[in-house]
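Biologist: I have a model on screen. Please show me how to read its features.

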Amino acid sequence: MIYTRISQSILILVLICILSFTSIHAQSTFTNAACFETTPTDGATGYGATIQLFGTDSQYIYPPIDFTGISPTCTSATYPGTTGECFDCSFNIDNFSEDERFRLLYAVNQNLNSSFVAELGSQVGQSVSWIRYARADQVSDANCGSLAYPRICELSLSNRTESLSIFPEFLLSIGLNTATSTVTFTAGYNKPDNWFGFALSASQTNPQPMIGYGLVWSTGSGGSGTASWQEYDITALAFLGPQTNQNLTGITNSDIDGITTWEFSRGFAADPDATHDFEFTGTETYLNIFAAVASDSGTTLASHSDANLFRATDILLTPSPADSDTQWCDPTSSVLTECWQQILPGVSCVNQAADTVNMDDIFDVTMTLCGDDSKVYIDISYP
């Protein structure tokens, strides 16, 4: 009897260890499914090429994602109500940040039934008949655990596509707490003996380079006293000076992964006495951000060179896990068309050449046509 109890205990312990090991090492995946009119010869290669395009091409995503070592696997699948040969394709995203995970979902799903399906059909050599919105398991960044959603987590202001414009690493995080109407910033930079800072465009709808609300670590243009964080009005290539009212609170600093990092907060409301303060609403889906650091050593605020800046760029805010899971569709819905898009049978989408239209400004219009009587998808981008 004692032997039996001991054996049972050992068995239970082994099962607990196996289950614990499995849960600890469960992989996070990014998944998309599509049906083709006929079986593609190598769907995984086509999927991989298409996903990588949408994860690196600046017209779809910024900052780009490093796909080194990432290889999708595709398996045959059956989806009642669809037509054609269907496949589930997925790849591991354990090494993705939460921002990368959401940016890739956004790049694919915002363009799913236009440019994405056209590119996928081209890559696999078969017409797409049905396609499902991509899904991805949640990943999280421990260093942003205290920041509320929506948020930007550890954006590298040094990670430019053309070159490393800021050195060493300059990391920025922003979290919008709608419950308290408070925005919290963390800024990490390992040259605290130099001035550095970042800014939000004065206009989200019409952003202009170097005009906006700035937060700068410096001793000011006079260079006296101790360096500190201050709010600035920035216009053109000049600092108008610190805002009359300084509204940053809770300023602290610590070492995070070897980078000196400051954290501070302010309210959503704009300061009426400031020229270019920023009014937060908590409903923002992106922020237009630019940044700069000293061109040489010193905390005295001065001009920077072209090699020490992060040009004004729209950066997506990552919504909460619950919101991002249902942003494009409800994956628990039993209605097929809730998460699937039907592409006209026998018709391939075709990307038309860009055209130029003269309205209030000049912008490029790229049309994607899917069949004689289907929708025309138009992407508008300013050059």
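The talk below covers a core and some backbone geometry.

Modeller: This is a predicted model, where local features need pLDDT of at least 70, side-chain atom pairs count only at pLDDT 80 or more, and totals for chains, interfaces and linings use all residues. Residues are numbered from 1 along each chain as its sequence is written, and side-chain values use heavy atoms, with hydrogens and water left out.

Biologist: Which residues touch the most other members of the largest nonpolar core?

Modeller: A nonpolar core is a set of buried Ala, Val, Leu, Ile, Met, Phe, Trp, Tyr and Cys residues joined through side-chain atoms within 4.5 Å. Buried means under 20% relative accessible area, exposed over 50%, partly exposed in between (1.4 Å probe, protein chains only). Here the largest core has 36 residues, and Phe 30, Leu 104, Val 108 and Leu 120 touch the most other members. Another core, of 34 residues, lies apart from it and includes Ile 174 and Phe 278.

Biologist: Where are the peptide bonds cis?

Modeller: Most peptide bonds are trans. Tyr 62 and Pro 63 are joined by a cis bond, with omega about -10°. Phe 167 to Pro 168 is also cis, with omega near 0°.

Biologist: What is phi at Ser 181 and Asp 257?

Modeller: Most residues other than glycine have a negative phi. Ser 181 has a positive phi of about 55°. Asp 257 has a positive phi too, near 55°.

Biologist: Is Asp 257 buried or exposed?

Modeller: Asp 257 is exposed, at 66% relative accessibility. Ser 181 is partly exposed, with a relative accessible area of 36%.
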